[in-house]
Amino acid sequence: MLWVSAALPGKTADITAARRHRLRDRIHARGLTPVADKGYQGWHKDVRSTRACDQCDGPCAQIVLTPYKAETNRPLTDAQKTANSALNAMRCAAEGGFAALKTWRILDKLRLHPRHATTLVRALLVLTQHEQAVRDTAA
């Protein structure tokens with residue numbers, strides 16, 4: 001995990017927070033393609049047309065990789081299930097980062113102003129990164 005956004009109210013959906021912080025543009029500016037969970041389906045539709053892109057040196061359509069969703073009358077095919085497994089494997093490192101950050105028990109019952117919560121979570125991120133670096137050098 002490299003970055004933590006400012007805290008938003010708990011009722012804010014992930015896709016809304018990502019839009020508010022312009023994450024897709026920030027990720028794309030670094031030459032990366034976001035891989036997200038099913039809650040981000042439709043995020044790529046925020047870019048309505050293909051446009052000239054400084055990062056891609058030409059026309060660019062930003063995409064967001066999300067897993068397939070099954071519908072009641074249309075179950076997933078074997079190929080779609082395989083694709084979902086591959087996407088989940090790509091996301092597991094980031095999910096591990098979230099899990100490591102959540103091990104800090106102080107976050108269980110946090111009752112702070114969002115500004116202070118952001119400061120606390122960013123400090124915990126630094127401590128988590130330090131702890132991981134110490135583990136990596138010991139190994």
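**Entry 1: Ile-63**

I looked up Ile-63 and found this residue partly exposed, with a relative accessible area of 45%. I was working on a predicted model. I placed Ile-63 in the loop between strand E2 (58–60) and H3. I then checked for a nonpolar patch on the surface and noted one formed by Ile-63, Leu-65 and Met-90. Together these three residues have about 260 Å² of accessible area.

**Entry 2: helix H3**

I moved on to H3, which covers residues 78–102 and has 25 residues. From its first C-alpha to its last I noted a reach of 34 Å, close to the 36 Å expected at 1.5 Å a residue. Where does H3 bend? I found the bend at Cys-92, and its angle is about 40°.

**Entry 3: buried residues of H3**

I listed the buried residues of H3: Asn-84, Leu-87, Arg-91, Gly-97 and Leu-101. I also looked up what covers these buried residues, and helix H4 (114–138) is included.

**Entry 4: Asn-84**

I picked Asn-84, whose place is in helix H3.

Definitions and conventions. Residues are numbered from 1 along each chain as its sequence is written. This is a predicted model: local features need pLDDT of at least 70, side-chain atom pairs count only at pLDDT 80 or more; totals for chains, interfaces and linings use all residues. Side-chain values use heavy atoms; hydrogens and water are left out. Helices (H or I, at least four residues) and strands (E, at least two) are DSSP runs, numbered from the N terminus. The expected span of a helix is 1.5 Å times one less than its number of residues. The bend at a residue is the angle between axes fitted to the seven residues ending there and the seven starting there. Buried means under 20% relative accessible area, exposed over 50%, partly exposed in between (1.4 Å probe, protein chains only). Contact means heavy atoms within 4.5 Å. Patches are made of residues with over 30% relative accessible area and no salt bridge: like charges are joined within 9 Å, nonpolar side chains (Val, Leu, Ile, Met, Phe, Trp, Tyr) within 5 Å. Accessible areas come from the Shrake-Rupley method with a 1.4 Å probe; for residues, only the protein chains shown count as cover. A salt bridge is a side-chain nitrogen of Lys or Arg within 4 Å of a carboxyl oxygen of Asp or Glu.
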